[in-house]
Amino acid sequence: MPDAHAYLSASSSSRWLACTRAPGLESKFPNTSSEFAREGTVAHSLGEITARYFLNQLSEVDYENERDELCRSDDGKKFFNQEMQEHAVGYAELIKGKVETLKETCEDTFAELEVRVNFSEWVPEGFGTCDCAIIADDLLEIIDLKYGKGHRVPAENNSQMMLYALGALNAYGALYDIKTVKMTIYQPRLSGVSSSFAICVDDLYKWENEVVKPIAQLAYAGMLDFAPS
């Protein structure tokens, strides 16, 4: 998984959309990684290689080799366990199931994992990586794996997912006539497993232009007042 983080990241967008001074204040503190974040990184890496295997993008031998290499890493030794393996398989099965269902009506359906997306047209220097993007005719679905179990993360009007969706549209929109974007959050350690939210492309662009773009410009410049929430 990429180590770089944008100043106005998608993952922190719920903060800077509410408080434009937040990024500047946060930048004054050391960028440290918590135990939960490190565990999540291992889970995402395992989920990615497992999904590649289920999508026939990795052979069984390559899958086992990459999984074993991950398990031998310092964080892999600490955090990998049977529960994580089972959730990685569940994540892979979710993606494979969606692709197979969509292929019933669109043979050209495909999925890409760890997709680097760019939404800098709306958010200065804005970029990120979405866990999975599925394209099927006029539909784009992005899937985000959340391994945490502290609180449920809903997909509905989720600014992080909507920014990822915009970046994915930049990546694929010139090649496909995408009309609907679906966003799914897979959070297997909480009951309910996943939540989804769909929005038409026109409404997504309206939100980006009328809400995100003006606020992002102010946040990037460090303007306006603090707005704690």
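At 52% relative accessibility, Lys149 counts as exposed. In this predicted model, Lys149 belongs to the loop between E3 and H7. Once neighbours within four places in sequence are set aside, Lys149 is in contact with Arg189 and Leu190. Lys149 and Arg189 are 40 residues apart in sequence, yet their C-alpha atoms are 5.5 Å apart in space.

Arg189 leads onward to another part of the chain. A salt bridge joins Arg189 to Glu83, with 3.7 Å between the closest N and O atoms. Arg189 lies in the loop between E4 and E5, whereas Glu83 lies in helix H6 (residues 82-103), so the pair ties together parts that are 106 residues apart in sequence.

The chain contains eight helices and five strands, and along the sequence they follow the pattern α-α-α-α-α-α-β-β-β-α-β-β-α. Of its 229 residues, 46% count as buried. Among contacts between residues at least 6 apart in sequence, 67% join residues at least 24 apart.

Within the helical part of the chain, one packed pair may be examined. Two packed helices are described by the angle between their axes and the distance between the axes. Helix H3 (residues 35-54) and helix H4 (residues 60-72) pack at an angle of about 175°, and their axes are 9 Å apart. Because angles over 145 degrees count as roughly antiparallel, H3 is roughly antiparallel to H4. On the H3 side, the contact is made by Val42, Ser45, Leu46, Ile49, Thr50 and Tyr53. On the H4 side, the contributors are Glu60, Tyr63, Glu66, Arg67 and Leu70.

The interior is considered next. In soluble globular proteins, nonpolar side chains tend to be buried together. The largest nonpolar core here has 36 residues, of which Val123, Leu140, Ile142, Val181 and Met183 touch the most other members. At least two residues of this core come from each of strand E1 (110-118), strand E2 (127-136), strand E3 (139-145), helix H7 (159-172), strand E4 (180-186), strand E5 (194-200) and H8. H7 provides the largest share, nine residues. Apart from this core lies another, of 17 residues, among them Ala92, Cys106, Leu139 and Ile143.

Val181 illustrates the contacts of a member of the largest core. Neighbours within four places in sequence aside, Val181 is in contact with Leu140, Ala165, Leu169, Phe197, Ala198, Ile199, Val201 and Leu204. Leu140, like Val181, is among the core residues that touch the most other members.

Helix H7 also includes Gly167. Gly167 has a relative accessible area of 2% and is therefore buried. Leaving out residues up to four places away in sequence, Gly167 touches Val117, Asn118 and Phe119. The C-alpha atoms of Gly167 and Ser120 are separated by 8.4 Å, although these residues are 47 residues apart along the chain.

Glu208 lies in helix H8 (residues 201-221). This residue is buried yet has no salt bridge, and the nearest side chain of opposite charge, that of Lys213, is 10.0 Å away. Residues up to four places away in sequence not being counted, Glu208 touches Trp122, Met162, Leu163, Leu166 and Lys213.

Elsewhere, charged residues are paired, and the structure holds ten salt bridges. One of them joins Asp144 to Lys146, with the closest N and O atoms 2.9 Å apart. Asp144, at 4% relative accessibility, counts as buried, and Lys146 is also buried, with a relative accessible area of 17%. Another salt bridge brings together the side chains of Lys179 and Asp177 at 2.6 Å, N to O. Here Lys179 counts as partly exposed at 44% relative accessibility, and Asp177 is exposed, with a relative accessible area of 55%. Finally, Glu35, Arg38, Asp75 and Lys78 are linked in a network of salt bridges.

Methods
Residues numbered from 1 in each chain as written. Predicted model: local features only at pLDDT ≥ 70, side-chain atom pairs only at ≥ 80, totals over all residues. Heavy atoms only, no water. Helix = DSSP H or I, 4+ residues; strand = E, 2+ residues; numbered from the N terminus. Buried < 20%, exposed > 50% of the residue type's maximum accessible area, 1.4 Å probe, protein only. Lys, Arg positive; Asp, Glu negative; His and termini not counted. Salt bridge = Lys/Arg side-chain N within 4 Å of Asp/Glu carboxyl O. Contact = heavy atoms within 4.5 Å. Core = buried A, V, L, I, M, F, W, Y, C linked by side-chain atoms within 4.5 Å. Axes fitted to C-alpha atoms, helices over the stretch in contact; angles between N-to-C directions. Parallel < 35°, antiparallel > 145°, perpendicular 65-115°, else oblique.
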